[in-house]
Amino acid sequence: MDEFNFTEHQHVRYNPLKGEWILVSPHRLKRPWSGQVEATHEDEIPPFDPNNPLCPGVNRPNGEKNPEYDSTFVFDNDFPALLPDIPEAAASNQPNEELFKFEPARGTCRVMCFHPRSDLTIPLMSIEEIKAIVYEWIKQGTELGVKYDWVQIFENKGAIMGCSNPHPHCQIWASSFMPNEPRIKDSYQREYYETHGRPLLLEYINAELKKQERIVVQNSHWLVVVPWWSTWPFETLLVPLRHVIRMCDLTSEEIHSLAEIMKRLTIKYDNLFRTSFPYSMGWHGAPTGRKALSNNQHWQLHAMYYPPLLRSSSVKKFMVGYEMLGQAQRDLTAEQAAQKLFSQPDVHYKATM
Ligand SMILES: O=C1CCN([C@@H]2O[C@H](COP(=O)(O)O)[C@@H](O)[C@H]2O)C(=O)N1
């Protein structure tokens, strides 16, 4: 048998941020595709739709009229998953109560429009327009972070991701509890920091800069890689080069560089399959609220892009079956995905049409 190598032989990789393993099966790449095909046509989106409740000046179903906003616009979700006030719950004294744990959950859900035009996405916006998004994220995170332990910024983009509205926007859910993803990352980063004296993710990106095997784009303040442990085919991780624990700690130069690299990354994403690339993306940084009172130096701010597309604008990966019952699995390796993204042109395909 020939010598083991990562591009031919199956192996499992470890995600030190979450303590999870992923199965990599590169030998499967010759497998023919004969499964479900997602609709590939892209409806032309008009810049303005008088019936779209996210557009400037439109009346939302709850009767509120949106302002004629000309940049970002934030409003409280009309159908929120979390409400700020609920009655106190009596502590349970049931038998086996540790098997039926619960806590009242409080929070605030907001919708944040990126831009007044419905036909623009981040790769098609100017650096200044993307900077306005980052400054609004910081404003919202700071404001909600006073009262809540966790502020989750997340963007669902594309109908394939269940996004109900094509207008460029994200959501912000602030909660009185730390959700599972950041809670698990908090403990693994703390453990690493207490053992090594340095933040896990800062060590990781410095190692990636030395290895040069999974880099997609970089600039003077940021790095984007397909992480060693990635599960989605073209998943990427966006990390500042400096030790930054929260987005509100970024300098104005880092914010300018962030807008620049977000544009470059999303242009490469769109160019990959010449389509408006769907994804769910979001940010994780040090917790806020009461949790801001403890030492959070083990944290490193970072963003994750989780795109579903696998090999074309119409073929997506399904995280089902073995991925639900066993663990995540991928055929395309992180290195191959990084190379495909890295080699995409820096000019958006629509700009050349
Ligand atoms: O009038 C509206 C339309 C949509 N929304 C909210 O916008 C959000 C859009 O969801 P997506 O980000 O998944 O597309 C969704 O949570 C929905 O509740 C309003 O708050 N008011």
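Modeller: Start with a definition: buried means under 20% relative accessible area, exposed over 50%, and partly exposed in between. The model is predicted.

Biologist: Is Lys131 buried or exposed?

Modeller: Lys131 pairs with Glu128 in a salt bridge, closest N and O atoms 3.6 Å apart. Both residues lie in helix α1, 3 residues apart. Glu128, at 51%, counts as exposed. Lys131 has 14% relative accessibility, and the limit is 20%, so Lys131 counts as buried.

Biologist: Which residues does the network of salt bridges around Arg214 and Glu208 join?

Modeller: Arg214 and Glu208 form a salt bridge at 2.8 Å. Arg214 is buried at 2% relative accessibility, and Glu208 is buried at 1%. Salt bridges with shared partners make one network of Arg13, Glu208, Glu213, Arg214 and Glu335.

Biologist: How far apart in the chain are Arg60 and Asp78?

Modeller: Their side chains meet in a salt bridge, 2.8 Å from N to O. Arg60 sits in the loop between β2 and β3, Asp78 in the loop between β3 and β4. Arg60 is buried at 3%, while Asp78 is partly exposed at 24%. The pair links distant parts of the chain, and the separation is 18 residues.

Biologist: What share of the ligand's exposed area does the protein bury?

Modeller: A ligand oxygen lies 2.7 Å from an N or O atom in the His169 side chain. Taken alone, the ligand exposes 470 Å². The protein buries 85% of that.

Notes:
Residues are numbered from 1 along each chain as its sequence is written. This is a predicted model: local features need pLDDT of at least 70, side-chain atom pairs count only at pLDDT 80 or more; totals for chains, interfaces and linings use all residues. Side-chain values use heavy atoms; hydrogens and water are left out. A polar contact is a pair of N or O atoms within 3.5 Å; within protein, one must be able to donate a hydrogen and the other to accept it, and residues adjacent in sequence count only if both atoms are side-chain atoms. Accessible areas come from the Shrake-Rupley method with a 1.4 Å probe; for residues, only the protein chains shown count as cover. A salt bridge is a side-chain nitrogen of Lys or Arg within 4 Å of a carboxyl oxygen of Asp or Glu. Helices (H or I, at least four residues) and strands (E, at least two) are DSSP runs, numbered from the N terminus. Buried means under 20% relative accessible area, exposed over 50%, partly exposed in between (1.4 Å probe, protein chains only).
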